[in-house]
Amino acid sequence: VLVEGDRIFEFDDWRNSMSYWKGDFQYKKTIKSFLSNTQWKKLRDGVFGNFFRLQGVKFCGRLIHSVLLSEIISNDSHSMTFKVFYREVKFTREAFQIITGLKCSSSVDFKVLRERENRLSKVYFPGKDRIELGDLWHFITSHPYGTTASFVGSHDDAVKLATIYFVESVLMGKRKNRNVSERVMKIVDDDELCSSFNWGSLCYEKLLKSLKSCLKPKQNTSENENEKEKDKEKDSYTILGFPFAFCVWIMEVFLIFQEK
DNA sequence: TAGCCAAGGTCCATTGAGTA
DNA sequence: TACTCAATGGACCTTGGCTA
């Protein structure tokens, strides 16, 4: 029986595994080609502006994997604790907020959105009862700015569609065949709500749930040893949410160790 | 040009939201 | 509360770009 402070994984468990992220690495390029300079500036001055000033995002799958293997048992379900070089370090909501600059205060409440209509969906995807992220990607890439095919809606709507694409494909790390959240569309359509919304918590909870579950073996009711061994041999897994903040946190933690 | 690796694509079992 | 079915996430496969 494991108690608080114990390692969850043996050192030689799943050591050859690799973690991946299935969001859009090229989000800046995808979105930039869709927007005019004024719209691009508006996006960079908005609530997600930081993410459009980054040079680019680089995913370190092996680094994340090796740190995840050093997780230890903790009684706090809202963070993750690791033991690295004999020292305990904690990845928390506060750390995520500092790294991303996104609001992480209260818990997320969607109740107010239930009665609202999804205007953006009605106008730009008429007749569709659900929109896949691939549909939105196709819409954005097939209306490049400055060409005969460029977007004909309002300036604000162009920025809103770009924002929705960014939230779903980057902050949520969704694959293209997954649905665009109606809630996200409604929040982004409301300027005031969008700038005050708790994006950090939404994205942190997604990331934490994914980090906590990706290496855990499936609940194996059978006592079959072969099944358990097979589970250990899995060679890859996908991380959801925005794991780049976790990468930055890892690098910061290593720097602190280096200085001591 | 072969081999490697990361990114993108797809299948399917599980999950969870909606409804009676 | 039980049931149904669409959405999701895990796992694996394919593609494409890079390098030696």
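The surface near DNA strand B consists of two nonpolar, two polar and two charged residues (Ala, Val, Leu, Ile, Met, Phe, Trp, Tyr, Cys and Pro count as nonpolar, Asp, Glu, Lys and Arg as charged, and the others, Gly among them, as polar). The model is predicted: local features need pLDDT of at least 70, side-chain atom pairs count only at pLDDT 80 or more, and totals for chains, interfaces and linings use all residues. Residues are numbered from 1 along each chain as its sequence is written, chains are lettered from A and ligands numbered from 1 in the order in which they are written, and side-chain values use heavy atoms, with hydrogens and water left out.

The residues surrounding DNA strand B are Met18, Lys22, Gly23, Phe25, Arg175 and Asn177; a residue is near a strand if one of its heavy atoms lies within 4 Å of it. Of the atoms of DNA strand B that come within 4 Å of the protein, 46% belong to sugar and phosphate. An N or O atom in the side chain of lysine 22 is 2.4 Å from a base oxygen of DNA strand B. The side chain of arginine 175 likewise has an N or O atom 2.7 Å from a base oxygen of DNA strand B.

Two packed helices are described by the angle between their axes and the distance between the axes. Axes are lines fitted to C-alpha atoms, for helices over the stretch in contact, and angles run from 0 to 180 degrees between N-to-C directions. Helices are DSSP runs (H or I, at least four residues), numbered from the N terminus.

Helix 8 (residues 155-171) and helix 9 (residues 182-189) have axes that come within 10 Å and cross at roughly 140°. Helix 8 is therefore oblique to helix 9 (angles under 35 degrees count as roughly parallel, over 145 as roughly antiparallel, 65 to 115 as roughly perpendicular and the rest as oblique). In this pair, Lys160, Thr163, Ile164, Val167 and Glu168 of helix 8 meet Val184, Met185, Val188 and Asp189 of helix 9, contact meaning heavy atoms within 4.5 Å. The contact of helix 8 with helix 9 has five nonpolar, one polar and three charged residues.

The axes of helix 2 (residues 37-45) and helix 8 also come within 10 Å, crossing at roughly 50°. Helix 2 is thus oblique to helix 8. Gln39, Lys42 and Leu43 in helix 2 meet residues of helix 8 including His155, Asp156 and Ala158. Four nonpolar, three polar and two charged residues make up the contact of helix 2 with helix 8.

Helix 7 (residues 133-141) packs with helix 8 at an angle of about 140°, the axes being 10 Å apart. These two helices are therefore oblique to each other. Helix 7 contributes Leu133, Leu136, Trp137, Phe139 and Ile140 to the contact, and helix 8 contributes Leu161, Ala162, Ile164, Tyr165, Glu168 and Ser169. By class, the contact of helix 7 with helix 8 holds nine nonpolar residues, one polar and one charged.

Methods:
A polar contact is a pair of N or O atoms within 3.5 Å; within protein, one must be able to donate a hydrogen and the other to accept it, and residues adjacent in sequence count only if both atoms are side-chain atoms.
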